[in-house]
Amino acid sequence: PICYSFCTLLAMKTVVKSARQLLSADVAILLNGKDANETSLSNWNRAKTRLCADGALQRVKEYSLCKPTHVVGDFDSISPDLLNEYEIGGGFVKKIDCQNSTDFQKCLQVIEHDIKYCGDIVVSLGLGGRRDHEHLNLRTAVNTTPSNIILAGSCSVIHPLRPGLNIINIETPYDSGVGILPLLGPTMTTTKGLKWDLNGVELGYHDSLMWTSSNEPISDVVEVTVDRPALWTISLSGS
């Protein structure tokens, strides 16, 4: 793993929008999960570019969503009739046969290499369901750069924390409970603006370490400094 000196971390800074602002990205990905409600699907119809991951095309029909601009995957979980119907309607289809990547990762490849976009990407239906799928979606989110992956769930939003100082805008009371998920291993963490701030606390999954920090914002801006990529989780009030 990459280790950063304290001085280097201070010089690295990422400014993060509030959860509500994050759910207004120009690019959206729809996965084939089931954690669906108004919050988790809120960005799909607004996004200019909408990518369906393989069998998620069925979810578009199920939830009466706007037609995707792209359908991407190896097409092992999609109805041939449904895919044919989409193609006849003039939709863009990209088949990627590689078995060493998920359909989510295939969508990210298309966004990077074909669409050439590297901004915020809201991913819907990536939380809930099978735990192994959810865990891989989380790891994909935390490892993807330079794009910023936002996983939108039915009652929460999850997005990466970059090494260094992360300045996070908070929109109360919409952003309620928050936490830090050290998915890639022991993570030295310092915060400012939380009810229970951390001062150089190592978070991780080892028995002797804290797993995460369940917390509450008490300021309109929260600062989180980490020495390796991690995830910021936000419970959405009223969801």
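Here is a friendly conversation about a predicted protein model.

Student: Before we start, what should I know about the model and its numbering?
Tutor: In this predicted model, local features need pLDDT of at least 70 and side-chain atom pairs count only at pLDDT 80 or more, while totals for chains, interfaces and linings use all residues. Side-chain values use heavy atoms, leaving out hydrogens and water, and residues are numbered from 1 along each chain as its sequence is written.

Student: How many helices and strands are there in the protein?
Tutor: Helices (H or I, at least four residues) and strands (E, at least two) are DSSP runs, numbered from the N terminus. By that rule, the protein has 6 helices and 14 strands.

Student: What percentage of the residues in the protein are buried?
Tutor: Buried means under 20% relative accessible area, exposed over 50%, and partly exposed in between, using a 1.4 Å probe and protein chains only. Of the 239 residues in the protein, the buried part is 50%.

Student: Is strand E8 (residues 156-161) largely enclosed or open, and why?
Tutor: Look along E8 and check each residue against the cut-off for buried. The count is 6 of the 6 residues buried, so E8 is largely enclosed by the rest of the structure.

Student: Which strand pairs with E8 over 6 bridges?
Tutor: Two strands pair if DSSP finds at least two bridges between them. Strand E7 (residues 148-152) is joined to E8 by 2 bridges and runs antiparallel to it, with 3 residues between them in a hairpin. Ala152 stands opposite Val157 in this pairing. On the other pairing, Leu161 has Ala230 as its bridge partner, and the strand with 6 antiparallel bridges to E8 is E14 (residues 230-236).

Student: Asn43 sits in a loop; which residue's backbone nitrogen lies 2.9 Å from its side chain?
Tutor: Asn43 is in the loop between strand E2 (27-30) and strand E3 (49-53), and it counts as buried because its relative accessibility is 1%. Its contacts (heavy atoms within 4.5 Å), leaving aside neighbours within four places in sequence, include Leu23, Val27 and Val122. A polar atom of the Asn43 side chain is 2.9 Å from the backbone nitrogen of Ala25.

Student: What is the volume of the largest pocket?
Tutor: On a 1 Å grid over the protein atoms alone, a pocket is an open set of points where a 1.4 Å probe fits, with protein on both sides within 12 Å along at least five of seven lines; lining residues have an atom within 4 Å of a point. Grid points are joined across faces, edges and corners, and a volume is the space filled by probe spheres set on the points. For the largest pocket, that comes to about 600 Å³.

Student: Is Asp54 buried or exposed?
Tutor: Asp54 lies in the loop between E3 and helix H3 (57-62), and has a positive phi of about 55° although it is not a glycine. Its relative accessibility is 0%, so Asp54 counts as buried.

Student: Which peptide bond is cis?
Tutor: Most peptide bonds are trans. Here, look in the loop between H6 and E7, where Pro146 lies. With omega near 0°, the cis bond is the one from Thr145 to Pro146.

How values were computed: A polar contact is a pair of N or O atoms within 3.5 Å; within protein, one must be able to donate a hydrogen and the other to accept it, and residues adjacent in sequence count only if both atoms are side-chain atoms.
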